[in-house]
Amino acid sequence: MNTENVVKHLRVLWRTDRIIADIRLRHLLIGLGLRAFAALIAAFGLLMLELAAYFALVQIWSAIAASAILGAVNFVIAAALFLIAGRAPSGRDIELASEIHDTSIEALQLEARALQAQVSGAVHHPLSTIVPVLVPLIAIIIKNLRTTARTSNDASSAEAQS
């Protein structure tokens with residue numbers, strides 16, 4: 001198991017999760033803005049239909065038809081905006097980010113399996129894991145013993161001379 005690989009895969013995973021969240025947030029904000037605008041136009045359409053009803057009571061035909069048609073057009077525009085706002089985000093960006101996300105998850109699982117194999121190997125064969133640690137440790141101990149012996153020999157020879 002290589003810790004650099006684990007860190008690299010975790011960074012990729014974190015970045016792709018951020019990209020996916022950013023794409024979804026942008027889509028949500030644009031959809032929310034379009035829905036708010038559609039609601040505003042629908043409110044104007046309702047106002048025009050109410051105005052048409054008012055004109056129907058006041059005068060019988062000419063102003064009524066104009067405001068009723070305008071209200072209907074506003075409702076059609078609002079419906080079109082709701083349909084546009086409800087469409088899915090661009091598939092290519094989200095697909096690419098999801099693919100990278102899945103790849104990094106698989107790589108992390110592979111690293112976890114390698115760690116599990118190392119741990120199980122250490123449990124079954126403890127000497128195989130201790131030997132790589134013991135060899136440098138023995139070399140350091142021998143080196144320290146040699147330097148200690150030299151310093152004690154140097155100190156004893158200095159005492160003998162004085």
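How many salt bridges does the structure hold? It holds 1. Notes follow.

1. Basis. This is a predicted model, in which local features need pLDDT of at least 70, side-chain atom pairs count only at pLDDT 80 or more, and totals for chains, interfaces and linings use all residues. Residues are numbered from 1 along each chain as its sequence is written, and side-chain values use heavy atoms, with hydrogens and water left out.

2. The salt bridge. Asp22 and Arg26 are joined through their side chains, at 3.0 Å from N to O. The term requires a side-chain nitrogen of Lys or Arg within 4 Å of a carboxyl oxygen of Asp or Glu. Both residues lie in helix 1, 4 residues apart, about one turn of the helix. Helices (H or I, at least four residues) are DSSP runs, numbered from the N terminus.

3. Exposure of the pair. Asp22 has a relative accessible area of 38%. Arg26 has 46%.

4. Thr16. This residue also belongs to helix 1, which covers residues 3–58. Its relative accessibility is 4%, so Thr16 counts as buried. Beyond its neighbours within four places in sequence, Thr16 touches Ala97, Ile100 and His101. Contact here means heavy atoms within 4.5 Å.

5. Trp14. Arg18 sits over the face of Trp14, 4.6 Å from the ring centre. The criterion is NZ of Lys or CZ of Arg within 6 Å of the ring centre and within 35 degrees of the ring normal.

Terms used:
Helices (H or I, at least four residues) and strands (E, at least two) are DSSP runs, numbered from the N terminus. Buried means under 20% relative accessible area, exposed over 50%, partly exposed in between (1.4 Å probe, protein chains only).
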